[in-house]
Amino acid sequence: MPTIEIKLEHESFLIIMKYTQFSTPYESEFTQFIKQFKRQHPDTEKKQREARALWWDKPPLDLDEMARERMSDVKMKPYEYD
(Lines give C-alpha, C1' and ligand atoms only; values in the text may rest on other atoms or scores of the structure.)
Protein backbone atom coordinates (compact mmCIF):
# COMPACT_ATOMS: atom_id res chain seq x y z
CA MET A 1 0.00 0.00 0.00
CA PRO A 2 1.59 3.33 -1.03
CA THR A 3 2.19 5.84 1.76
CA ILE A 4 2.88 9.55 1.88
CA GLU A 5 5.46 10.68 4.39
CA ILE A 6 5.30 14.23 5.76
CA LYS A 7 8.13 15.68 7.83
CA LEU A 8 7.57 18.72 10.02
CA GLU A 9 10.77 20.14 11.42
CA HIS A 10 11.11 22.66 14.18
CA GLU A 11 14.07 23.77 16.29
CA SER A 12 13.54 21.18 19.00
CA PHE A 13 11.56 18.36 17.41
CA LEU A 14 10.84 16.43 14.26
CA ILE A 15 7.44 14.96 13.48
CA ILE A 16 7.04 12.33 10.80
CA MET A 17 3.50 11.46 9.81
CA LYS A 18 2.68 8.68 7.41
CA TYR A 19 -0.59 8.63 5.52
CA THR A 20 -1.81 5.84 3.36
CA GLN A 21 -3.37 6.73 0.08
CA PHE A 22 -6.53 4.83 0.92
CA SER A 23 -7.11 6.03 4.46
CA THR A 24 -10.27 8.02 5.12
CA PRO A 25 -11.07 10.21 8.08
CA TYR A 26 -13.38 8.80 10.75
CA GLU A 27 -17.06 9.55 10.30
CA SER A 28 -19.56 8.62 12.99
CA GLU A 29 -22.71 6.63 12.31
CA PHE A 30 -24.79 9.69 13.14
CA THR A 31 -22.93 11.83 10.57
CA GLN A 32 -23.39 9.11 7.97
CA PHE A 33 -27.10 8.95 8.81
CA ILE A 34 -27.53 12.74 8.49
CA LYS A 35 -25.70 12.82 5.15
CA GLN A 36 -27.83 9.95 3.82
CA PHE A 37 -31.02 11.61 5.12
CA LYS A 38 -30.12 14.91 3.41
CA ARG A 39 -29.44 13.08 0.14
CA GLN A 40 -32.85 11.40 0.35
CA HIS A 41 -34.64 14.61 1.46
CA PRO A 42 -32.92 17.53 -0.33
CA ASP A 43 -35.56 20.07 0.81
CA THR A 44 -34.80 19.54 4.52
CA GLU A 45 -32.44 22.50 4.91
CA LYS A 46 -34.90 24.83 3.18
CA LYS A 47 -37.65 23.72 5.59
CA GLN A 48 -35.29 24.23 8.55
CA ARG A 49 -34.54 27.80 7.42
CA GLU A 50 -38.25 28.53 6.99
CA ALA A 51 -39.06 27.18 10.46
CA ARG A 52 -36.26 29.20 12.02
CA ALA A 53 -37.56 32.35 10.34
CA LEU A 54 -41.06 31.59 11.59
CA TRP A 55 -40.12 30.95 15.22
CA TRP A 56 -36.89 32.85 15.93
CA ASP A 57 -36.03 35.54 13.37
CA LYS A 58 -38.40 38.27 14.51
CA PRO A 59 -38.13 42.02 14.00
CA PRO A 60 -37.20 44.03 17.10
CA LEU A 61 -40.12 45.10 19.28
CA ASP A 62 -41.19 48.69 19.60
CA LEU A 63 -40.53 50.00 23.16
CA ASP A 64 -43.91 51.79 23.35
CA GLU A 65 -45.68 48.60 22.32
CA MET A 66 -43.81 46.62 24.99
CA ALA A 67 -44.82 49.16 27.67
CA ARG A 68 -48.49 48.98 26.58
CA GLU A 69 -48.39 45.17 26.75
CA ARG A 70 -46.94 45.26 30.28
CA MET A 71 -49.60 47.72 31.46
CA SER A 72 -52.40 45.66 29.94
CA ASP A 73 -51.39 42.46 31.75
CA VAL A 74 -53.97 41.29 34.28
CA LYS A 75 -52.33 40.93 37.67
CA MET A 76 -52.81 37.48 39.16
CA LYS A 77 -53.55 36.91 42.83
CA PRO A 78 -50.85 35.02 44.75
CA TYR A 79 -53.50 32.50 45.77
CA GLU A 80 -56.31 32.06 43.26
CA TYR A 81 -59.03 30.97 45.73
CA ASP A 82 -59.02 33.98 48.12
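Is phenylalanine 37 buried, partly exposed or exposed? Phenylalanine 37 is partly exposed, with a relative accessible area of 32% (buried means under 20%, exposed over 50%, and partly exposed in between, using a 1.4 Å probe and protein chains only). Welcome to this predicted model, in which local features need pLDDT of at least 70, side-chain atom pairs count only at pLDDT 80 or more, and totals for chains, interfaces and linings use all residues. Residues are numbered from 1 along each chain as its sequence is written, and side-chain values use heavy atoms, leaving out hydrogens and water.

**The chain as a whole**
- Of the 82 residues in the chain, 1% are buried.

**The phenylalanines of helix H1**
- The structure holds 1 aromatic pair (ring centres of Phe, Tyr or Trp, taking the six-membered ring of Trp, within 6.5 Å; planes under 30 degrees apart are stacked, over 60 edge-to-face, and the rest tilted).
- The pair is tilted because the rings of phenylalanine 33 and phenylalanine 37 have centres 6.1 Å apart and planes at 35°.
- Both phenylalanine 33 and phenylalanine 37 sit in helix H1 (residues 29-40), 4 residues apart, which is about one turn of the helix.
- Phenylalanine 33 is partly exposed, at 47% relative accessibility.
- Phe30, Phe33 and Phe37 make a nonpolar surface patch of about 330 Å² (patch residues have over 30% relative accessible area and no salt bridge; like charges are joined within 9 Å, and nonpolar side chains, meaning Val, Leu, Ile, Met, Phe, Trp and Tyr, within 5 Å).

**Salt bridges**
- There are 6 salt bridges in the structure (a side-chain nitrogen of Lys or Arg within 4 Å of a carboxyl oxygen of Asp or Glu).
- Lysine 47 bridges to aspartate 43, with the closest N and O atoms 3.3 Å apart; lysine 47 is exposed at 51%, while aspartate 43 is partly exposed at 37%.
- Lysine 46 pairs with glutamate 50, with the closest N and O atoms 4.0 Å apart, and these two residues are 4 apart in helix H2 (residues 44-55), about one helical turn.
- Lys38, Glu45 and Arg49 are joined in a network of salt bridges.

Key
Accessible areas come from the Shrake-Rupley method with a 1.4 Å probe; for residues, only the protein chains shown count as cover.
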